[in-house]
Amino acid sequence: RFRLDPPPDAMAASGGSVPSSARDDGRDAYELRPIKCERGILNRADGSVRYCQGHSCVMVAVNGPMRVRQKEEIIDRATIDVVFKPASGQQTPRHSYYETVIQQTMEYMILTQAHPCTKIAIVIQTIEEDGSMLACSINAACMAVIDAGVQSRCMLSAVSMSMAPREGVVLLDPDAREEKQSGTTATFAICNKTQAFVLTNLNGRVSRKLYSQCMKLALKASKQRVEPFKTKFFDTVFLGAEFAASRDKKDAKDSTK
Amino acid sequence: ALEVPTRSRNRQPMEDSDSKAGAPSPSGGSSADWATRFKRLHPKEYYRKFVEKGIRPDGRRLLDVRQTALSVGAIPSADGSSIAKIGNTTVACGIKLEVGQPSVHTPNEGRLEVEVKIAALSSPQHMKKIVDKSWKMDKPTRALAVAVETAIRNTGMLNLEELCIAEGDSVWALHMDIVCLDYSGNLLDAAILSAAGALKSLKLPATRILDDGEVVMTDGTPTPLTIQRYPLPLTFGIFDKKTIFADPTAEEEEFFEGSITIAFSNDGQLCLVQKSGGSPLSETEVDACISNAEAYSKKLNSSLSLFGTKS
């Protein structure tokens, strides 16, 4: 289970109560939904990943470095083009905003100066929307970029949370119902090398103190739960590939004997 | 600003360079000319030389903000308007009212639609847009519009239920157009301030509903919106991963490595902490920015007295 243990002392000390009752799906307040990830699902894309946080499911395809139109090319860096498509309905300005935000975040993660005059296209297709969509998309895009083998500076982990400002209660990784109920949500994306924030996004009003606690919680959640998942995921991929390669070499050697 | 190279004045033979005011420089000519060339060739190094001493090329300290002014109700033909200036950055905001139908999910709420346009005359970089005559926003501009709308929505400045005329039938739709007339950096702060000012100056006309459901405007006194909270923003730029400076100018925006915008509402609550990409900031650095933004928001609130109780 993706529980943070021990629960952060900061919350209890400040007087914000840790809710004793479980949430709708039986989670604790500081528990993330189970993460499921599949890679290599689209065979035409350089990198593709299907990433699910609970019921929030997102499919990301990454292509690149590829040819770029002269209008969009940058002479010393790669252009990053993000398309965010909702599960249903038309694209609204909010989705364009997500595109811009994810693009700027990916611009930090990807070593764009290694591929000048090219484009790295990231297409994010939402399959199921159940809250924390921005965090889910950033996590998925990060995985897909690594799957595509694009040189990156670091790995990003995104966490979102919903706050009830009056009670000082923070719920980690809210689903759609919890997000709507609280009306105040925050998303953070953290770089695993520097443990610093690359993206912060706030919807709603909070006090400064509560926001500081949210930042601490985000750092903790990403370090304890999201990053290990991602590193373990790719470790199995790379180790598996290495094992297969060494086995092939051994077979080749055996067959020549 | 485009600088006209003054070559004839500074083409001096080497012997005369000592006689001119200012230290002799390696390439000949006055030190001011040398500084200009250095700035053109190595803008980041030039900037670093100032930041080492804790100031910036325009004389401000790292956390100083340029002079901010807000003029509310500046455009009489719009239903609500204001012009905000931060240094030279000038942003005008106009609101036009329209009677519209509410959405099915929120039958008693009006609408706010924000559109941002960076006018072609605002800066040399934007002049290339003179070819594109339509008002359609491109992606970064659309993101700016959403950011302004988020700041307004997060503070709860606009009570959408106040815009209801007849539940389920007619509501006021506010079409907010934000136009940047002079782009000298820090567009987001100026846009948020001008949007807040325009909402303050907005007065909803008195209406009467006819038998067939049509809404006509009567001669009654127009009612202003009840506004209790409004956003007070401050944008910081990040340079060399560690240096954080407030209110970037257009020149600084060209080479900074990221920015973070923090807005407090006038009752001391955080309502916008937006950092998209760019150099990452540790928790203590974000906290420091929030402290500075909080102090600045109090100063801004008291100086922009038009938001005070007397108005």
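Predicted model: local features only at pLDDT ≥ 70, side-chain atom pairs only at ≥ 80, totals over all residues.

Colleague: What makes β4 and β5 of chain A a pair, then?

Modeller: Strand β4 (residues 47-53) and strand β5 (residues 56-66) of chain A share seven bridges, and the requirement is at least two, so they count as paired. Their sense is antiparallel, and A:Tyr51 stands opposite A:Val58 in β5(A).

Colleague: Why do β3 and β6 of chain A stand at the edges?

Modeller: The open sheet runs β3-β4-β5-β7-β6 in chain A, with mixed pairing. β3 (35-39) and β6 (79-85) each have a single partner strand, so one side of each lacks a neighbour in the sheet. From one strand to the next, the twist averages 15°.

Colleague: Why is α2(A) called largely enclosed?

Modeller: Buried means under 20% relative accessible area. Twelve of the 17 residues of α2(A) are buried, so the rest of the structure largely encloses this helix. Among them are A:His95, A:Tyr98 and A:Met106.

Colleague: Why are α2(B) and α3(B) called oblique?

Modeller: Their axes come within 5 Å and cross at roughly 120°. Roughly perpendicular covers 65 to 115 degrees and roughly antiparallel needs over 145, so α2(B) and α3(B) are oblique to each other.

Colleague: Which residues of α2(B) and α3(B) meet?

Modeller: B:Ala35, B:Phe38, B:Lys39, B:Arg40 and B:Leu41 in α2(B) meet B:Pro43, B:Glu45, B:Tyr46 and B:Lys49 in α3(B). By class, that contact has five nonpolar, no polar and four charged residues.

Notes
Residues numbered from 1 in each chain as written. Chains lettered and ligands numbered in written order. Heavy atoms only, no water. Helix = DSSP H or I, 4+ residues; strand = E, 2+ residues; numbered from the N terminus. Axes fitted to C-alpha atoms, helices over the stretch in contact; angles between N-to-C directions. Buried < 20%, exposed > 50% of the residue type's maximum accessible area, 1.4 Å probe, protein only. Parallel < 35°, antiparallel > 145°, perpendicular 65-115°, else oblique. Contact = heavy atoms within 4.5 Å. Nonpolar A, V, L, I, M, F, W, Y, C, P; charged D, E, K, R; others polar.
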